Amino acid sequence: MLGACGMQRCHQEALKKNRVMLAKQLVLNVLVEHMVEKDIITTEMVEMIQAKSGSFDRNVEFLNLLPKRGPNAFSAFCEALRETQQQHLEAMILKTMSNLSHEIARLEHCHESDLPYPTSESCNSKRPRWLEPMEHSLDNGDGPSVPPVKYCTPEFYQNHQHLAYKLTSEPRGLALILSNVRFSSEKDLEYRAGGDVDCASLEMLFRHLGYRVTVFHDQTAQ
């Protein structure tokens, strides 16, 4: 069953920035069956996609549907790319995600908050669209609507600031992410599907919050 929210803005942005390449190179005939199996799209949607003439138009139809299919659609799509031997497309999308995380960190650093606590500097950069709250799913009846997250009011901040832990340093802190998706054969552990997507999302989140992020992949106990 689909979640109540649409795809995260950062995931939508990563797909949009690679839209033409995906429309040209994506091989859908088997991938859509994986997406049906993961409860991301329906068989009716597959029929609608296949009704389009030509692979490019079918890919465009799929890319139009994907952002509306809930918060798990992006990770399921990346997993389906691996399962259908299209890892190069997943790598392209995840590289874009990493680039976006750096841009978010820069813009968030410049974004002046409306709350009455001091900021080290400000600039006129606009808040990027993919930092807005997740949109509601456009699928009727898939779940209850979820209100967008809002900043607290200045009055709330003034009344509760004595309870808050002040994060005013630059960077705000250090974040270490250990992402293991492949394991040595003697441990009898399977490939951790979706781990790369989780890692990219965590890295983006902590950079968004102003942390200096270090990521290590597939580390051993030693």
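Here is a short walk through this predicted model, from its confidence to some of its packing.

Across the chain, the mean pLDDT is 76, and 73% of the residues reach 70 or more. Two stretches call for care. Over residues 111-127 pLDDT stays under 50, and the model has 20 contacts there beyond four places in sequence. Over residues 129-149 pLDDT also stays under 50, and for this stretch the model has 50 contacts beyond four places in sequence.

With that in mind, we can turn to a pair of helices. Helix α4 covers residues 43-50, and its axis lies 8 Å from that of α5, with the two helices packing at an angle of about 145°. Which residues make this contact? From α4 come Met-45, Met-48, Ile-49 and Gln-50, while α5 brings Arg-58, Glu-61, Phe-62 and Leu-65. Sorted by class, the contact has five nonpolar residues, two charged ones and one polar one.

Keep an eye on Phe-62, since aromatic rings are our next stop. How many aromatic pairs does the model have? The count comes to two. In one of them, the ring centres of Phe-62 and Phe-77 are 5.7 Å apart and their planes meet at 50°; that angle falls between the limits of 30 and 60 degrees, so the pair is tilted. Phe-62 sits in helix α5 (residues 55-65) and Phe-77 in helix α6 (residues 73-83), so this pair ties together parts that are 15 residues apart in sequence. Are these two residues buried or exposed? Both Phe-62 and Phe-77 are buried.

Phe-206 and Tyr-211 also form a pair: their ring centres are 5.7 Å apart and their planes stand at 80°, so the pair is edge-to-face. As for how open these residues are, Phe-206 has a relative accessibility of 26%, so it counts as partly exposed. Tyr-211 is likewise partly exposed, because its relative accessible area is 22%. Both values can be read against the cut-off for buried, which is under 20%.

Our last stop is His-11, which is found in helix α1 (residues 9-17). Why does His-11 count as buried? Its relative accessibility is 4%, and anything under 20% is classed as buried. Which residues does His-11 touch, once its neighbours within four places in sequence are left aside? His-11 is in contact with Phe-74, Met-97 and Ser-201.

How values were computed. Residues are numbered from 1 along each chain as its sequence is written. This is a predicted model: local features need pLDDT of at least 70, side-chain atom pairs count only at pLDDT 80 or more; totals for chains, interfaces and linings use all residues. Side-chain values use heavy atoms; hydrogens and water are left out. pLDDT is the predictor's confidence in each residue, from 0 to 100. Contact means heavy atoms within 4.5 Å. Rings of Phe, Tyr and Trp (its six-membered ring) pair if their centres lie within 6.5 Å; planes under 30 degrees apart count as stacked, over 60 as edge-to-face and the rest as tilted. Helices (H or I, at least four residues) and strands (E, at least two) are DSSP runs, numbered from the N terminus. Buried means under 20% relative accessible area, exposed over 50%, partly exposed in between (1.4 Å probe, protein chains only). Axes are lines fitted to C-alpha atoms, for helices over the stretch in contact, and angles run from 0 to 180 degrees between N-to-C directions. Ala, Val, Leu, Ile, Met, Phe, Trp, Tyr, Cys and Pro count as nonpolar, Asp, Glu, Lys and Arg as charged, and the others, Gly among them, as polar.
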